[in-house]
Every structure is written in C-alpha cells, then in structure tokens.
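This report looks at selected backbone features and at one helix pair. Please keep the structure in view while reading.

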Amino acid sequence: MPGQILSKIDELKDAALELHTKLVAIPAIGPTNNGTGEKDKADFLTAYLKEHGFGEVKSYNAPDDRVECGYRPNLVTVLPGQDTAQTLWIISHMDVVPVGDLTLWSNDPFTLVQDGDAIYGRGVEDNHQGLVSSVIATRALKETGVTPGCNIGLIFVSDEETGSEYGLEYMLKEHEDLFKKKDLFLVPDFGEADSSMVEIAEKSTIWLKVTVEGKQCHASTPDEGVNSLVAASAMIVEISELQFHFDEEDELFSPPYSTFVPTKKEANVENINTLPGKDVFYIDCRVLPNYDLKDVVDQVKGMALYVAEEYGVEIKVEVDTKNQAAPATPVKSEIVEKTLFAIKEIYGIDATPGGIGGGTVAAHLRERGYKAVVWATLLGQAHQTNEKGSIANTLGDAKVMALLPF
C-alpha cells in the first residue's frame, strides 16, 4: 500500500509544478505589508480542491476591514480516515512577504521560472512548498483509493507573515472545536536542506524599540546640541553585554544560547549638516525558554539609564513584540515519532528533534497543549530575492506527509 501511494505522488509531479505556478501568480500580501490580503488565493484553492474531489472546503473568515472584502480567509478540508476520532492536521500559510527591491530579481517575482528541479518565484518555498506537498499527498491517497489510518485535515491560513492574528490564532480562539488534544499537527514551514531537523521547541522572542532623545542643532555648532546618534551608538554597543547576563546554553537549540541583535534603525535627520536630536532603533532578542522576558527588559532598561546619564540624553525602552516560549512538544510524542519514522523511510536519514529561534505558528498550538512539529525539506530561501524552491523536495515531503496518518 505505501508503495502504491508513493508511486502516485511521483506521477503527480506535473500537477505539483502546475499548482506551484498558479500559486506564485497570485500575490497574497497582507494589509500590514500594504497588500490586498489572501482572498484571491483562497478562492483559487477552493475551486482547485473541489475540482480534484476534496469534498467540502470550508472558509473561516477573520474580520479585517483593512482589506476590500472585509475578511482574511482560512481554509479547511478533511479527508476521512479509518479512525475518524483523530486527525493529522497539516497547516501551511497562503500569505507571502513583499518582493522588496525589484531590481534584485532576475525575473518577475510572480511568474514562476523553472530551471531543471529548481523553481523561482515569491513564495515557492515560503510557504507554497508545504502547501503543495500537503495537497499532492492527499490527492495521492484519494486517487489510489487508500483510506488513511486517521483523518487528514489540510488548513491554509492567512496572516502568518505578520503575526497570525487573522490566521491560526483566530482559528484557535474562535473555532477550537475543530481540534482534539489527541490530534497530530505538522507545520511544514521550517527545515534543513537535508531534512535532518524536526523542530519541537522555540525560543522566547522579544523585540524592543529604543528611543534616544537629545537636542537637535546645526552640525557646525555641536556644543549647542546633544547628539542622539552618538548616544544611540553607545547603547547599541552595550547590547552585546546581554550575552553575559543571559549566558546559559541548551543543546536542543541552534544556536544553543540566547541572541540579542540590534537590527532596524529609523531615519533621523535628512541632511548632513544637522546634528540629530532623536534616534530610534530596535533589538531582536531570541531567549532560551528558561529565562523570564521581564528580566531581559529590566536589564536593557538598566543599560539605558547608564548610557543616558553618560551622554546627557533620555532613553525610552518599549516592548514592540513579546512572546514567552510555549512548552516544547515532547520527544516521545506520537507526532514526533511518526515524523522521524517517515523521514527515515523516504529520505533514508536519522533526523533529530531540535529547537529554533522562534517564529512559527506551532507556538500557538503548543500554548494550548497540542503536540506539534515543524518540519520540511527547505533550501533556506524564505524572504529572499529570487526565492528558490525544489520540485524534488515538494514531492519528497509529500511522501513523508502521506505516511504520517498510518
């Protein structure tokens, strides 16, 4: 029986490429990123699934008046299994990030380009690959007439790229009756190129906004002002000291320690001959779960007091985003063991459970006690220009997914 399903997946190679092509052609960018949302992609997928015999495709619409239709769609379709009391949920997202600087793209980001096994276009890896794999796996089961051991539920969510408030978080808040604690959850939105890591845990995440205020003046008379850029630079240098205050390591994660990285900086003055009076920058902190994020904030505020006094400025530290890590999925849980077994069967490797810096929708599941893993075979192209995917990886991952409900 498994051989029959795997052969059918190979036969669906052209269908996988066609689905990739059509998905790339539908920009699904959320309103936070100045896009029109996911409705067009959801409408296409609904029609596609019905055309291929998937039965009922239900849309759970999260109200959002920032988009023309007034909602952000989340699609659900279920293939019944022998045991209808348990469902394997495969959750992928429809939205993509903006293309960035178009001059850095070799081709139109929304026209798929194929070069042998490689495919290029916005979203081919993040997250079309997981989406296409789940559809192809389920098509193979349907078209071979094989009933999986448990239900297979496909969920295509909105808003993953900008927080999931209108996506999986909405589903869990408003429609949690869809799920049971014994259900299995796979999120194909992170992975290594060799398929070797199954993510079962995430670090805590906190993004901090640091505002430094001095006094603006003409650059030719600097003594009449207080240079906020110099003080902000000193504050940025201080951030590296956080590594010594939060220095524990956990080999489950890669890297095994907490990270504190100054990232975005807002523009200050427009002209060279003005001494800036206000600077704003941000810090991305990925913190091991054993630390309380309040302690991180307190430490940064302490640094700010020191720098403010030394440079004669005012410094305000604000929390932009804060997510304390959810409990890890146990290594011995059913979904972890099934995923490791299926990877071994298809890819011939002994994958290992591990943790990452954070940022997948699996955290929303784990916070509510569901056992979830994040896994795919990915080239690491998310959010890049000339985003690259692989048809072979799409089909290989579909085979892993097809084995999971048995």
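## A loop with positive phi values

Asn386 lies in the loop between β18 and β19, where strands are DSSP runs of E of at least two residues and helices are runs of H or I of at least four, numbered from the N terminus. The phi of Asn386 is near 50°, a positive value in a residue other than glycine, and its relative accessibility of 23% makes Asn386 partly exposed, a class between buried (under 20% relative accessible area) and exposed (over 50%), with a 1.4 Å probe and protein chains only. His383 is found in the loop between β18 (372-374) and β19 (388-390); its phi is near 70°, and at 46% relative accessibility His383 is partly exposed.

## Basis of the model

The model is predicted, so local features need pLDDT of at least 70 and side-chain atom pairs count only at pLDDT 80 or more, while totals for chains, interfaces and linings use all residues. Residues are numbered from 1 along each chain as its sequence is written, and side-chain values use heavy atoms, with hydrogens and water left out.

## Cis peptide bonds

Most peptide bonds are trans. The bond from Asp126 to Asn127 is cis, with omega near 15°, and Asn127 is found in the loop between β7 (118-120) and α4. A cis peptide bond also joins Ser254 and Pro255, with omega about -5°, and Pro255 lies in the loop between α7 (242-245) and β13 (259-265).
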